[in-house]
Amino acid sequence: MSDTLSKSQRSKRMSLVRAKDTKPELIVRRIVRSMKIGHSLHANKLVGSPDLAFWRRKKVIFVHGCFWHRHRSKTCWRSRLPKSRPEFWIPKLESNRLRDQRNQRALKRDGWKILVVWECQLSNKERLENKIRRFLEGNDAGYRTVRRSGRTRTRS
């Protein structure tokens, strides 16, 4: 199937696709701002330039578009492949997915905790807010503290 747009029309449309300050990213930033948790945006000093970085907590959030980052959920309709030019799109989108995996592995090796928010998860804002809150307020070391009879113990 051929493209319905001319080469120049397609080029113009693709140039409008943003890398930063996308609508999904702005929604996530609004949620984090309402929690009054300090963060920085587009941390280009970190591998993969996470959308939000929480330096003191050593946590990052990536906000991924389902199409561009190849969301693998079976229920996500946004990640479907275009019918035109699969020889271009499949390698392009797969390389994005592999790059994301490499970046996340590097961040984890450096001790960072990662949350990926997918574009399709924005439809349920309450669930998303709870997910972000649990991620940001969770115990950084992966341990929980148990209080019994006046003593505090750490349990894995």
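**Entry 1: strand β3**

I began with β3 and found both of its faces covered: Lys59, Ile61 and Val63 on one side and Val60, Phe62 and His64 on the other are all buried. I took buried to mean under 20% relative accessible area, exposed over 50%, and partly exposed in between, with a 1.4 Å probe and protein chains only. β3 is therefore mostly covered, six of its six residues being buried.

I note that this is a predicted model, in which local features need pLDDT of at least 70 and side-chain atom pairs count only at pLDDT 80 or more, while totals for chains, interfaces and linings use all residues. Residues are numbered from 1 along each chain as its sequence is written, and side-chain values use heavy atoms, with hydrogens and water left out.

**Entry 2: the chain as a whole**

I looked up the elements and found four helices and six strands in the protein chain. Helices (H or I, at least four residues) and strands (E, at least two) are DSSP runs, numbered from the N terminus. Read from the N terminus on, the order is α-α-β-β-β-α-β-α-β-β.

Of the 156 residues of the protein chain, 33% count as buried. The accessible surface of the protein chain comes to about 11,100 Å², and carbon and sulfur atoms hold 49% of that surface. These areas come from the Shrake-Rupley method with a 1.4 Å probe; for residues, only the protein chains shown count as cover.

I also looked up contacts, meaning heavy atoms within 4.5 Å. Among the contacts in the protein chain with a separation of 6 or more, 53% are between residues 24 or more positions apart.

**Entry 3: the sheet around β3**

Which strands make up the open sheet, and in what order? I found four strands in the order β1-β2-β3-β4, with mixed pairing. β1 and β4 are the edge strands, each pairing on one side only. Two strands pair if DSSP finds at least two bridges between them.

I followed β3 to its partners. With β2 it pairs in the antiparallel sense over three bridges. Leu52 has Ile61 of β3 as its bridge partner, and Ala53 has Val60. β2 and β3 form a hairpin with four residues between them, and Lys58 in the turn has a positive phi of about 55°.

With β4, β3 pairs in the parallel sense over six bridges. Here Ile61 has Leu115 of β4 as its bridge partner.

Axes are lines fitted to C-alpha atoms, for helices over the stretch in contact, and angles run from 0 to 180 degrees between N-to-C directions. α2 lies across β1, β2, β3 and β4 and runs at about 145° to β3. α3 also packs on the sheet, where it touches β3 and β4, and its direction makes about 170° with that of β3.

I then checked the length of α2, residues 23–34. Its twelve residues should span 16 Å at 1.5 Å a residue, and the end C-alpha atoms are 17 Å apart, which agrees. The expected span is 1.5 Å times one less than the number of residues.

Which residues of α2 are buried? I listed Pro24, Glu25, Ile27, Val28, Arg29, Ile31 and Val32. Their cover includes β1 (40–41), β2 (52–54), β3 (59–64), β4 (113–118) and α4. After α2 comes Lys36, with a positive phi near 55°.

**Entry 4: salt bridges**

How many salt bridges does the count give? I noted seven, a salt bridge being a side-chain nitrogen of Lys or Arg within 4 Å of a carboxyl oxygen of Asp or Glu.

I examined Glu94 and Arg97, whose side chains meet in a salt bridge at 2.3 Å, N to O. The two are three residues apart in helix α3 (residues 86–109), which means that about one helical turn separates them. Glu94 is partly exposed at 24% relative accessibility, whereas Arg97 is buried at 17%.

The side chains of Arg99 and Asp100 also meet in a salt bridge, at 3.5 Å, N to O. I recorded Arg99 as partly exposed, at 32% relative accessibility, and Asp100 as buried, at 10%.

Another salt bridge links Glu137 with Arg133, their closest N and O atoms being 3.5 Å apart. They stand four residues apart in helix α4 (residues 125–137), about one helical turn. Arg133 is partly exposed, with a relative accessible area of 29%.

Lastly, I noted that salt bridges with shared partners join Arg72, Glu94 and Arg97 into one network.
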